[in-house]
Amino acid sequence: MHPVTATNTLWVFVSCSHEPRHLYDIIFAVDCLRCRGIGDAQILVFVDHPTPGQHLHAYGIEAVFPISALGAVLSTARAHEHVVLTVAGHGSIVGLGMESAPVRPAALIRATRSVPGIKLATLLVTQCFGGIFNLLDASTKPEMVTIGATNLNPSASLGIQLSKPLLQRDGSPGIASWSANIFMMGFFAWLRAPTDVDGDGAVTMLDAYKHAGASSNEQLRQAKSGLFLHARKLASDLEVARESGALPFTLDAIELKLNRALSSLHLHQEAWLLHASLARRIHF
Amino acid sequence: MKIIHSETLQSLPREVTELVRDGVYSLYTVDHPDAAFVLVTDRGAVYLLTNAGGLEPGPEGADLKSMNPKEAVAFSDASPYVSARVNVA
């Protein structure tokens, strides 16, 4: 059995994206970790955003590095038994980041396994085309569980509203509404108060996977009826805006919203997990 | 992070406001003689905005860092198009 404690696990986030919504996903996840008593020394963030500090520092997230430093920082990190690395942001059919110079799955896995003292790892890939991280060697020591939000398809982000804003470092209210990666949100929302989803008497990584997969699919299914009507309205708005000579600035925004609504409307997401026998031994 | 009500930027088109709230577009305060905010689209296009969210002519092809963005800005009010409500109590 591998218990996850407040001190034995290193929580790593990697995001290739210039959009703040992917940083908001990380802010939410870190808030959930803090609710579990996990300290900031156990949290590392790697991004390629041009101004991550303006978003993350207000929430007390200080250990922020460029993605290019991932291998060097992880291989010299403080020793931890367990590493949970979450991929947020954008994914492509060849890895993370720019298709011209992507972070490939094998390189990310090598970097994860290089953390000093590591006995096992969990890789949570929530980005588009997460399935390219599947079917890789999971049983070489240190063994690794990989959980994907989706297989060889885009992943789902939907407009969410928190019941109360996340607090900033100075205690003032912060973000409460954004287009969130709903699988990642489901995983970390489960982590706030872990439950035995499958009733086997243990609260394990498998329960986190089952909760995140089922809850995100249910949210997507419920959202689709509204998205259909919303897309129709946006198509009509776009036509009116074109005819009225609206600025390209406005037209671009309507077209982007329409494309995002259509993409979500036709999106199919199915979660997957590699190395279930190890996931069953990771207890919360 | 600066949190404001979206109606503060009353001149900003509704769809642009929603993309800022979604976290697809970025909004920052900026120290500029003619502008209060800088907006960045998902494609990296940069626009200067007045206090009310009106478009100010700015240098074409400018990148965000050259604008010296100060605080990131987000909205306090809820989106009219929420798909999921998440309890964080």
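Some ground rules. This is a predicted model, in which local features need pLDDT of at least 70, side-chain atom pairs count only at pLDDT 80 or more, and totals for chains, interfaces and linings use all residues. Residues are numbered from 1 along each chain as its sequence is written, chains are lettered from A and ligands numbered from 1 in the order written, and side-chain values use heavy atoms, with hydrogens and water left out.

Strands are DSSP runs (E, at least two residues), numbered from the N terminus. Two of them pair if DSSP finds at least two bridges between them.

What does β10(A) pair with? Within chain A, 5 bridges join β10(A) to strand β11, residues 177-181, and the two run antiparallel. There, A:G159 has A:S179 as its bridge partner. Across to chain B, 3 bridges join β10(A) to β7(B), running parallel.

On confidence: pLDDT is the predictor's confidence in each residue, from 0 to 100. Chain B has a mean of 92, with 100% of its residues at 70 or more. Its lowest confidence is in β7(B), residues 84-86, at a mean of 88. For the complex, the predictor gives an ipTM of 0.96 and a pTM of 0.97.

Conventions: Helices (H or I, at least four residues) and strands (E, at least two) are DSSP runs, numbered from the N terminus.
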